[in-house]
Amino acid sequence: MKTVSENTCFGGVQGVYTHTSKSCACDMTFGLFLPEEATYGPVPVLWYLSGLTCTHENAMVKAGAQGWAAEQGIALIFPDTSPRGEDVADDEAYDLGKGAGFYVNATQDPWKRHFQMWDYLAEELPALVADNFALDMERQAITGHSMGGHGALTLAMSLPGRFVSVSAFAPIAHPTASDWGRKQFAAYLGADDSTWTPHDSTLLMRDRGFDGPVLIDQGADDQFFDLLKPESLAGAMAARRQDGTFRMQKGYDHSYFFVSTFMEDHVGFHAEALHE
Ligand SMILES: N[C@@H](CCC(=O)N[C@@H](CS)C(=O)NCC(=O)O)C(=O)O
């Protein structure tokens with residue numbers, strides 16, 4: 001692992017690191033914020049998964065999460081959204097290929113060689129950060145925005161016991177019924193849509209739910225509302241009687257102005273579960 005940069009931030013350190021990823025067969029970059037408390041011992045972890053077109057950097061510079069995480073003594077991890085590099089397959093569209101890994105393990109050519117984002121986030125990156133930083137991996141929570149909200153929800157519901165709480169900002173909530181999902185799952189996972197269902201938050205919520213608190217924020221003026229399908233997830237949460245809160249935020253769109261507005265609430269929500 002190599003250090004790209006380390007900046008003092010809210011009394012802690014905002015770092016950027018690269019490493020050679022086995023799962024993705026390329027070099028990967030991530031951001032990690034460590035609060036001052038990490039100098040004295042392991043701290044709880046909040047993962048933040050980003051949306052379409054993002055790298056590790058968007059949320060790190062625009063979500064305004066570090067100040068709240070510092071206040072709560074929590075580390076933040078900002079992974080990238082896809083494999084990177086010249087030999088990595090890509091597509092002209094912004095919503096397929098680089099910047100659009102959709103947090104799945106691709107089984108189809110030309111994607112499968114590098115697009116193994118599920119394994120990268122479920123196994124490889126947690127092991128790497130656990131080895132290199134003062135993190136308490138018994139206390140992890142996860143959040144994300146848009147495609148990253150989809151990733152956060154699907155990882156949390158598929159890995160019972162891993163995360164104590166999950167939240168999402170405007171998640172892609174029902175990808176098997178949306179053009180933000182069907183196109184990418186067909187490309188990465190193939191035409192057999194039975195391989196898609198484990199990656200759909202609405203279906204996972206209907207089938208198993210999450211053993212812990214859930215918080216969802218959705219902007220009512222989100223320009224991608226019809227692609228996100230928040231109503232499907234809200235319905236599944238109600239049908240499941242999921243412990244959780246779904247908030248429709250009047251006037252907010254899909255941007256980081258929306259994410260940063262509610263970041264304090266999300267960090268506070270996770271802190272309550274992580275510090276229990
Ligand atoms: N801007 C894209 C849409 C993708 C988009 O809005 N991405 C969101 C996540 S789904 C994002 O976070 N973009 C990067 C940013 O705002 O920094 C477009 O070409 O239509």
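This is a predicted model: local features need pLDDT of at least 70, side-chain atom pairs count only at pLDDT 80 or more; totals for chains, interfaces and linings use all residues.

Q: Fine. Which residues of helix α8 are buried?
A: Helix α8 runs over residues 230-240, and its buried residues are Pro230, Ser232, Leu233, Ala236 and Met237.

Q: Why are they on the same side of α8?
A: They cover an arc of only 160 degrees around the axis, so they sit on the same side of α8. In general, an α-helix has 3.6 residues a turn, so residues three or four places apart point the same way.

Q: Which residues are exposed on the other side of α8?
A: Ala238 and Ala239 are exposed there.

Q: And what covers the buried residues of α8?
A: The cover includes two helices, α6 (201-207) and α7 (225-228). It also includes β8 (214-219) and β9 (244-249).

Q: What follows α8?
A: Arg241, with a positive phi near 55 degrees.

Q: Now α5. Which of its residues are buried?
A: In helix α5, residues 182-189, the buried ones are Gln184, Phe185, Ala187, Tyr188 and Leu189. They line one face of the helix, because seen down the axis of α5 they fall within an arc of 165 degrees.

Q: What comes after α5?
A: Gly190 follows, and its phi is positive, near 95 degrees.

Q: Let's switch to strands. How do β1 and β2 pair?
A: Strand β1 (residues 2-9) and strand β2 (residues 12-21) pair in the antiparallel sense, over 7 bridges. Cys9 stands opposite Gly12 in β2.

Q: How many residues lie between them?
A: β1 and β2 form a hairpin with 2 residues between them. Phe10, in that turn, has a positive phi of about 45 degrees.

Q: What about β2 and β3, over how many bridges do they pair?
A: 9 bridges, in the antiparallel sense; β3 covers residues 26-34. Ser21 stands opposite Cys26 in β3. These strands form a hairpin too, with 4 residues between them. Ala25 in that turn has a positive phi of about 50 degrees.

Q: Do β7 and β8 pair in the parallel or the antiparallel sense?
A: Parallel, over 4 bridges. Phe169 stands opposite Asp217 in β8.

Q: Which way do the residues of β7 point?
A: From strand β7 (residues 166-169), Val166 and Ala168 point one way, and Ser167 and Phe169 point the other way. All of them are buried.

Q: On to the ligand. Which residues come nearest?
A: Of the 13 residues around the ligand, Gly51, Leu52, Asn58, Tyr94 and Ser146 come nearest.

Q: How does the shell divide into nonpolar, polar and charged?
A: There are 5 nonpolar, 7 polar and 1 charged.

Q: Last topic, the whole chain. How many helices and strands?
A: 9 helices and 9 strands. The radius of gyration is 17 Å, close to the 19 Å that the globule rule gives for 276 residues, so the chain is as compact as a globular protein of that length.

Q: What does the C-alpha trace span?
A: About 50 × 45 × 35 Å along the principal axes.

Q: How much of the chain counts as buried?
A: 52% of the 276 residues. As for contacts with a separation of 6 or more, residues 24 or more positions apart account for 72% of them.

Technical notes
Residues are numbered from 1 along each chain as its sequence is written. A residue is buried if 20 or more other C-beta atoms lie within 10 Å of its own, exposed if 12 or fewer, and partly exposed in between; C-beta atoms are placed from the backbone. The arc is that of the directions from the helix axis to the C-beta atoms. Two residues are in contact if their C-beta atoms, placed from the backbone, lie within 7 Å. The radius of gyration is taken over C-alpha atoms; the globule rule is 2.2 Å times the number of residues to the power 0.38. Two strands pair if DSSP finds at least two bridges between them. A residue is near a molecule or strand if its C-beta atom, placed from the backbone, lies within 6 Å of it. Ala, Val, Leu, Ile, Met, Phe, Trp, Tyr, Cys and Pro count as nonpolar, Asp, Glu, Lys and Arg as charged, and the others, Gly among them, as polar.
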